[in-house]
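Dear colleague,

Here is the structure I promised to hand over to you. Please have it open while you read the notes that follow.

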Amino acid sequence: MPRKRTTGLNKVIRRNPDGSIKRVDYYHRRSGLLLGNDLATALVLAAKMDEEAETGGGPAPGSFEAVARGWLASPTFAAKAPRTRTLDRAYLDQLRDRFGALPVQAITRPVVIKLRDKLAAATPVKARHTLSVLRQVMQYAVDTGLILHNPALRPGLPARPPRKAVWPPAAIETFLSVAEPAMRRAFLLMLYTAQRVSDVLALDWSQFERRGRRIVLTLRQAKTGELVAVPAAARLETELRASWRESGPVVPAPRGGPWNRRNFTRAWAATVCRANRRIAREGFRAGLDKAGVHKTLIRGLQARDLRRTAIVAMARAGATTAQIAAVSGHRIEECQKILDTYLPRRFDVAHGAIAALDRAEKDMQRLSNRAVRPGTRIPEKLREKLVGAAGFEPTTPSPPD
């Protein structure tokens with residue numbers, strides 16, 4: 001005869017390798033959720049969850065579902081950008097399916113760590129976003145006095161390394177050669193204005209104006225609220241003049257309206273596939289084998305990398321950090337940090353540094369081999385070059401008494 005269940009709990013004993021009891025975990029029988037290691041607390045939580053399941057209706061006060069609804073209605077959530085709110089809701093729905101009826105007091109640190117390990121093993125990027133939303137919801141529970149500490153703070157995910165991908169010139173030209181007109185325009189706008197994908201897709205023709213011979217784009221960035229005015233580069237200006245309109249989306253979707261971000265991502269991926277097919281055909285015609293062709297394909301490059309490509313290209317062209325920041329909308333110190341992180345250490349840059357060192361050493365050698373007679377003056381230009389290049393301050397001997 002089966003044993004009668006008197007509680008809504010399942011008890012799991014965790015043991016050490018030597019057989020001794022390490023701890024006892026209590027799980028809610030109906031949902032399978034971990035309720036902690038204290039029996040009394042677990043019984044109270046299980047009773048609340050069973051009562052809500054039997055009575056139905058709205059979420060129980062103090063449950064994760066109730067806290068989530070409060071967070072969605074808070075000014076903090078309302079202040080987020082529209083796309084951020086959309087993404088947060090999607091990840092929050094997954095958390096509601098998992099924790100909806102569970103009281104927030106039951107979402108302890110072990111529960112968060114268990115969720116972290118499960119998500120990180122499958123999709124590290126989604127794990128990062130999901131735990132970020134969980135942290136914000138639990139912080140709302142702290143702020144409203146439901147719990148004392150946020151168990152989702154610093155969940156211990158490894159830091160994501162910053163992207164360093166930069167579009168090479170060959171990949172840029174191949175993409176542009178196969179892109180549809182709207183996709184080509186989007187590519188050039190991101191490449192020559194250093195703006196984010198979301199800002200480029202939201203552009204309207206009314207944001208462009210002719211100032212003399214130049215076309216100038218004025219926009220307020222959705223993410224930061226920065227107002228920037230960017231003159232169009234020559235190549236972009238040619239593209240804009242060829243398709244000039246007085247109003248409407250600058251980068252229209254196939255039906256003429258603004259792009260849905262998901263549809264744009266799919267269209268972008270399709271364009272990359274066409275570019276790769278062309279690269280492969282040309283590679284095989286040139287006699288490359290399969291491995292050689294694979295190395296030349298557009299791989300690991302995204303639309304958002306064009307913002308970084310533009311910043312790096314301006315820096316390599318000799319633009320100052322302040323000039324680049326005026327285009328991209330970053331603060332000067334942020335722009336410098338980006339350059340320090342993303343600016344590739346290219347051979348031509350290193351070659352220039354070594355060439356400058358070689359020239360300085362030749363100048364010093366020329367000076368040391370030169371017979372300096374009493375009263376001879378060293379040319380001022382040579383003196384400035386030596387001092388600036390290597391801190392070398394030649395001295396002119398005094399005439400003998």
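**What was found**

Phenylalanine 175 is buried, because its relative accessible area is 0%, and buried here means a value under 20%. Please keep in mind throughout that this is a predicted model. Phenylalanine 187 is buried as well, again with a relative accessible area of 0%.

These two residues also belong together in another way. A search of the whole structure finds 12 aromatic pairs, and one of them is formed by phenylalanine 175 and phenylalanine 187, whose rings are stacked, with 4.7 Å from centre to centre and 25° between the planes. The pair links distant parts of the chain, since phenylalanine 175 sits in helix H7 (residues 169–178) and phenylalanine 187 sits in helix H8 (residues 181–193), 12 residues apart. Both phenylalanines are members of one aromatic cluster, which also takes in Trp167, Trp259, Phe264 and Trp268.

For the strands, please look at S3 (residues 208–211) and S4 (residues 214–220), which run antiparallel and are joined by 4 bridges. Arginine 211 has arginine 214, in S4, as its bridge partner. The two strands form a hairpin with 2 residues between them, and glycine 212, which lies in the turn, has a positive phi of about 65°.

Is isoleucine 311 buried or exposed? With a relative accessible area of 2%, isoleucine 311 counts as buried, because the limit for that word is under 20%. Isoleucine 311 has its place in helix H13 (residues 305–316), and, if residues up to four places away in sequence are not counted, it touches Ala194, Ile324, Ser328, His330, Ile338 and Leu339. Between the C-alpha atoms of isoleucine 311 and threonine 321, which are 10 residues apart along the chain, the separation is 9.4 Å.

Finally, some values for the chain as a whole. The secondary structure of the protein chain comes to 17 helices and 5 strands, and of its 401 residues, 37% count as buried. Among the contacts with a separation of 6 or more, 56% are accounted for by residues 24 or more positions apart. The accessible surface of the protein chain comes to about 24300 Å², and 55% of that surface belongs to carbon and sulfur atoms.

Technical notes: Residues numbered from 1 in each chain as written. Predicted model: local features only at pLDDT ≥ 70, side-chain atom pairs only at ≥ 80, totals over all residues. Heavy atoms only, no water. Phe/Tyr/Trp six-rings, centres within 6.5 Å; stacked < 30°, edge-to-face > 60°. Buried < 20%, exposed > 50% of the residue type's maximum accessible area, 1.4 Å probe, protein only. Contact = heavy atoms within 4.5 Å. Pairing = 2+ DSSP bridges. Areas by Shrake-Rupley, 256 points an atom, 1.4 Å probe, with all protein chains shown as cover.
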